[in-house]
Amino acid sequence: MTGPSDGPPDFSRAVVLAEARRVTSDIAGLIGVEVDAATVLSGRAAILNLTRRGRISAGGATRLLAAADGWCAVALPRDDDVAALPALMEVDEVGGDHWTALTRWAATRRTENVIARAQLLDIAAAALGEAPAVSPAVRSSGSGAGWRGFEGLLVADLSSLWAGPLCAQLLTRAGATVIKVESRSRPDGTRGGEPAFFDWMNSGKLCYAVDFDHDGDALHQLLAAADIVIEGSRPAALRRRKLSVDDVPARPGRIWLRINGYHDQPDRPAFGDDAAVAGGLVGAAADGPVFCGDAIADPLSGLEAARAVGASLRRGGGEVIDVSMAQVAARYAALPQSTVDAAASDRTLLPAAVPSASPLGADNAAVERLVAERYCATC
């Protein structure tokens, strides 16, 4: 999954798989779930039949562009991103292919200018290697609790796409009750894509649909009831609704996991491919960098998050954990590059079939009963 589309695969980052296997070994010891690292890293590509495309991401929504002083990645996965391009490039309209126009525009700008303008318009963009390597940040928050095992553990999964849902899926497999919380008006974007990928990430979870602006009391009660909260929201979004870690009373031992793009810029938009570029996790071709794997910062961050949550549970919890995708990618990018590894492979691995995930809001009644029965407002 790394290398130019018309050339040989690049195995210089094979050490990433080796390190991911060490992480999955830790996960097995901490939460008792066996995970195949190679399948986690390549499973989406196998499901979607993706392949390496050089400076076009495997999924096609992100590109590596040459700026006047270096390389940057720009992601346009949403219709709103494409609609914002005239404002980004300061033109009345973008004629012809928008990627061609964007490539020409970026070539005349410094990377810092490209990134700054993209951030103004909420477009995910990153300069190659801009993010330092930082381990997940852990701080105490409330009292701890003794190790209770996973049966009966309640997890509120407010995350979407890949990294957070992967972490929550591993907790589901460990035996926890995981509630996938989605907005009625803006559900997880992967729900509208290939069903097999959504099912892979969300099978076995209870699906709870709410209106974040009008169902605040119900959400507050759910988060107060949860033993683990997983979220990838911008801090201001939850604070505005009084649903942030500082607004919701903590149960003894509660773990609050936050996954974002950048450690020092939690409000900055990021997706797996551009976050990997920010961390410097790219492959190499004769004429410059190419994307490494498929949105690789997402699954790597999901695995790192699961390990961090497992370690916190063993300590008794009572912690807030921050995992930043660009910084995770930077830690992997700092590993010594490999020569061709006999264990390396250019093929993707299809995940085992799983039951279908629940439809949007299908488990609302069950979730409301669960919260009312276990953690009523007067308890």
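R22 is partly exposed, with a relative accessible area of 45%; here buried means under 20% relative accessible area, exposed over 50%, and partly exposed in between, using a 1.4 Å probe and protein chains only. This is a predicted model, in which local features need pLDDT of at least 70 and side-chain atom pairs count only at pLDDT 80 or more, while totals for chains, interfaces and linings use all residues. Residues are numbered from 1 along each chain as its sequence is written, and side-chain values use heavy atoms, leaving out hydrogens and water.

What does R22 pair with? Its side chain meets that of E19 in a salt bridge, at 2.8 Å from N to O. The term stands for a side-chain nitrogen of Lys or Arg within 4 Å of a carboxyl oxygen of Asp or Glu. E19 and R22 are three residues apart in helix α1, so about one helical turn separates them. Helices (H or I, at least four residues) and strands (E, at least two) are DSSP runs, numbered from the N terminus.

How many salt bridges does a search of the whole structure find? The count is 19. One of them joins R258 and D322, with the closest N and O atoms 2.8 Å apart. R258 lies in strand β9 and D322 in strand β12, so this pair ties together parts that are 64 residues apart in sequence. R258 is partly exposed at 23% relative accessibility, whereas D322 is buried at 15%.

R307 is partly exposed, with a relative accessible area of 21%, and E304 is buried, at 3%. Shared partners link D26, E304, R307 and R331 into one network of salt bridges.

## A covered helix

Now look at helix α13, residues 325–333, which is mostly covered: eight of its nine residues are buried. Among them are M325, V328 and Y332. The cover includes α1, α7, α11 and α12, along with strands β9 and β12.

## A three-stranded sheet

Three strands make an open sheet in the order β1-β2-β3, with antiparallel pairing; two strands pair if DSSP finds at least two bridges between them. β1 (62–67) and β3 (125–127) are at the edges, each with a single partner strand, so one side of each has no neighbour in the sheet. β1 pairs with β2 (residues 70–75) over six bridges, and A66 stands opposite W71 in β2.

Notes:
Contact means heavy atoms within 4.5 Å.
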